[in-house]
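Here is a short briefing on one protein model. Look through the sequence and the 3D view before reading on.

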Amino acid sequence: MSGPVKQPPLPGMKRAGTPTRTLPAWLGELHLVRGALLCFALTLLASLLLLSLTAAYRMRAAQQLDLAQHTRAAAATLFNHAEAEKQEIRAYEPQFLALRQRGLIGEENRLAWIDAIRRSQEQRKLLPISYDISPQQVLQVPLPLVMGQYHLRGSRMRLQMDMLHEMDLLNLFDDLRLAGYFAVQDCTLKRQASAGAGNGATPTLGAECELLWLTLGSVPVLGRP
């Protein structure tokens, strides 16, 4: 098969050229609006930056507001707690001062106990009394009893005395209660044989008692001088 035969160009004839594409007319005018486009781009970037900064500021402000509200709520709780404590102090201060005056709260005062025994013996004309006091110890209290910052302490006193009658011992206990708080742990009375002197000073009874003197001492708080 034979195809079409291309004829060589005749002498004096020009070869047809490739058609050229023409650019849109507005591209040739971009240089006229280049400044405006640049200004628009910068304005758009600045707007986006301001929007992001505004969003970050609003988020930070919201976090600060939430923190301020929590701080205010905590401060209000502490204030209410302090006011409640003040009311409790005002309500129980007289009882507290009375207990401290009686020697229950604070350091033990053994001299007051000894002085109370001496004065009772002199005023009531009691027979000789002997005693010894053991070192102070911390006492265990029942679990439901809340002691707060105080510990219950006790000092044991062993007391021996001769008596003319039972009221000598009871009168002595009444006098000792003015010097502090104590609990009678054990008390044994023994009848003694009368010597028959007839002078009214012969003991008829002997008593051996064990007293527990009670005090409430505060516990040191860590971090405080």
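The points below cover the aromatic rings, the core, the surface and one loop.

This is a predicted model. Begin with the aromatic rings, then move to the core.

**Aromatic rings**

- The structure holds 3 aromatic pairs.
- One of them joins W113 and W213, and this pair is stacked. The ring centres are 4.5 Å apart, with 10° between the planes.
- W113 belongs to helix 2 (residues 110-123) and W213 to strand 5 (residues 205-218), so their pair ties together parts that are 100 residues apart in sequence.
- Are these two residues buried or exposed? W113 has a relative accessibility of 2%, and buried means under 20%, so W113 counts as buried. W213 has 1%, so W213 counts as buried by that cut-off.
- W213 also pairs with F182. Their ring centres lie 5.0 Å apart and their planes meet at 50°, so this pair is tilted.
- F182 sits in strand 4 (residues 181-191) and W213 in strand 5, so the pair ties together parts that are 31 residues apart in sequence.
- F182 is buried, and W213 is buried too.
- Ring pairs link W113, F173, F182 and W213 into a cluster.
- Another ring has a charge over it: the charged end of R102 sits over the ring of Y181. The distance to the ring centre is 4.5 Å.

**Nonpolar core**

- In soluble globular proteins, nonpolar side chains tend to be buried together.
- The largest nonpolar core here has 20 residues. Which of them touch the most other members? They are M161 and L176.
- Helix 2, strand 3 (150-163), helix 3 (167-176) and strand 5 are the elements that give two or more residues to this core.
- Strand 5 gives the most, with 5 residues.

**Nonpolar surface patch**

- Which residues make a nonpolar surface patch of about 760 Å²? They are L38, F40, L42, L44, L45, L48 and L51.

**A loop glycine**

- G106 lies in the loop between helix 1 and helix 2.
- G106 and S218 are 112 residues apart in sequence. In space, they are 7.3 Å apart, C-alpha to C-alpha.

Terms used. Residues numbered from 1 in each chain as written. Predicted model: local features only at pLDDT ≥ 70, side-chain atom pairs only at ≥ 80, totals over all residues. Heavy atoms only, no water. Patch = residues over 30% accessible without salt bridge, like charges linked within 9 Å, V, L, I, M, F, W, Y side chains within 5 Å. Areas by Shrake-Rupley, 256 points an atom, 1.4 Å probe, with all protein chains shown as cover. Salt bridge = Lys/Arg side-chain N within 4 Å of Asp/Glu carboxyl O. Phe/Tyr/Trp six-rings, centres within 6.5 Å; stacked < 30°, edge-to-face > 60°. Helix = DSSP H or I, 4+ residues; strand = E, 2+ residues; numbered from the N terminus. Buried < 20%, exposed > 50% of the residue type's maximum accessible area, 1.4 Å probe, protein only. Lys NZ or Arg CZ within 6 Å of the ring centre and 35° of its normal. Core = buried A, V, L, I, M, F, W, Y, C linked by side-chain atoms within 4.5 Å.
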